[in-house]
Amino acid sequence: MTTQTALREDTFRETPDGFTLLASRCHHCGHVSFPPATLCVACRAEALKPIDLGGRAELLCSTTVHMPSEHFAAGYTVGYVTMPGGQRIFTPLAPADDTPLTPGMPLKLEIAAMWQDDGTDIVAHRFVPDPA
Ligand SMILES: [Zn+2]
């Protein structure tokens, strides 16, 4: 049996409506940090409140990386998406074979195994095309 562990426990949670990304909003200046932070990068305040970003997004732009990284073979896709509240998130993307990624297309959050470490699936977020 394969066990699973989250790459970062504080970046997503499951809700009755599906998964949502988690972030923090600065109580002082309103800056939103993803992943959640303990110190605001905009004003250095420490009064941050956890918020949900949601599980749907719109593709802003994407690119295919042709150089391998520690956990991904060459040919993986990353990009920026816009969350319903307007926040822009840099994220892995999982294109569908039959659906080219185009700016403005609707995406949905997926929590999936990204790689294995000693028989444990390391799970994290990525966005996939949302045909709905
Ligand atoms: Zn701030």
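Reader: Which residues of the largest nonpolar core touch the most other members?

Author: This is a predicted model, in which local features need pLDDT of at least 70, side-chain atom pairs count only at pLDDT 80 or more, and totals for chains, interfaces and linings use all residues. Residues are numbered from 1 along each chain as its sequence is written. A nonpolar core is a set of buried Ala, Val, Leu, Ile, Met, Phe, Trp, Tyr and Cys residues joined through C-beta atoms within 7 Å, where a residue is buried if 20 or more other C-beta atoms, placed from the backbone, lie within 10 Å of its own, exposed if 12 or fewer, and partly exposed in between. The largest core has 15 residues, and those that touch the most other members are Leu21, Ala57, Val81, Met83, Leu107 and Phe127.

Reader: Which strands each supply at least two residues of this core?

Author: Strands are DSSP runs of E with at least two residues, and helices are runs of H or I with at least four, numbered from the N terminus. At least two core residues come from each of β3 (18–26), β6 (56–65), β8 and β9.

Reader: With which residues is Met83 in contact, leaving aside its neighbours within four places in sequence?

Author: Met83 is among the core residues that touch the most other members. Two residues are in contact if their C-beta atoms, placed from the backbone, lie within 7 Å. Beyond its sequence neighbours, Met83 meets Leu53, Gly54, Ala57 and Ile89.

Reader: How many helices and strands does the protein have, and why is it as compact as a globular protein of its length?

Author: The secondary structure comprises zero helices and ten strands. The radius of gyration is taken over C-alpha atoms, and the globule rule is 2.2 Å times the number of residues to the power 0.38. For 132 residues the rule gives 14 Å, so the protein is as compact as a globular protein of that length because its own radius of gyration is close to this, at 16 Å.

Reader: What is the percentage of buried residues in the protein?

Author: The C-alpha atoms fill a box of roughly 45 × 35 × 35 Å along the principal axes. Of the 132 residues, the buried ones make up 19%.

Reader: Which residue in the hairpin of β7 and β8 takes a positive phi?

Author: Two strands pair if DSSP finds at least two bridges between them. Strands β7 (residues 76–82) and β8 (residues 88–93) run antiparallel and are joined by six bridges, and Tyr80 stands opposite Phe90 in β8. Five residues lie between the strands of this hairpin, where the residue with a positive phi, near 95°, is Gly86.

Reader: Is Lys108 exposed, partly exposed or buried?

Author: Lys108 lies in strand β9 (residues 106–117). Not counting residues up to four places away in sequence, Lys108 touches Gly55, Arg56, Phe127, Val128 and Asp130. Because 16 C-beta neighbours lie inside 10 Å, Lys108 counts as partly exposed.

Reader: Which two residues does a cis peptide bond join?

Author: Pro35 is in the loop between β4 (32–33) and β5 (48–54). With omega at about -5°, the cis peptide bond joins Phe34 and Pro35.

Reader: Is Arg44 buried or exposed?

Author: Arg44 is in the loop between β4 and β5. Although it is not a glycine, Arg44 has a positive phi of about 70°. With 10 C-beta neighbours inside 10 Å, Arg44 counts as exposed.

Reader: What is the phi of Asp118?

Author: Asp118 is in the loop between β9 and β10 (120–129). It is exposed, with 5 other C-beta atoms within 10 Å. Asp118 is a residue other than glycine, yet its phi is positive, near 50°.
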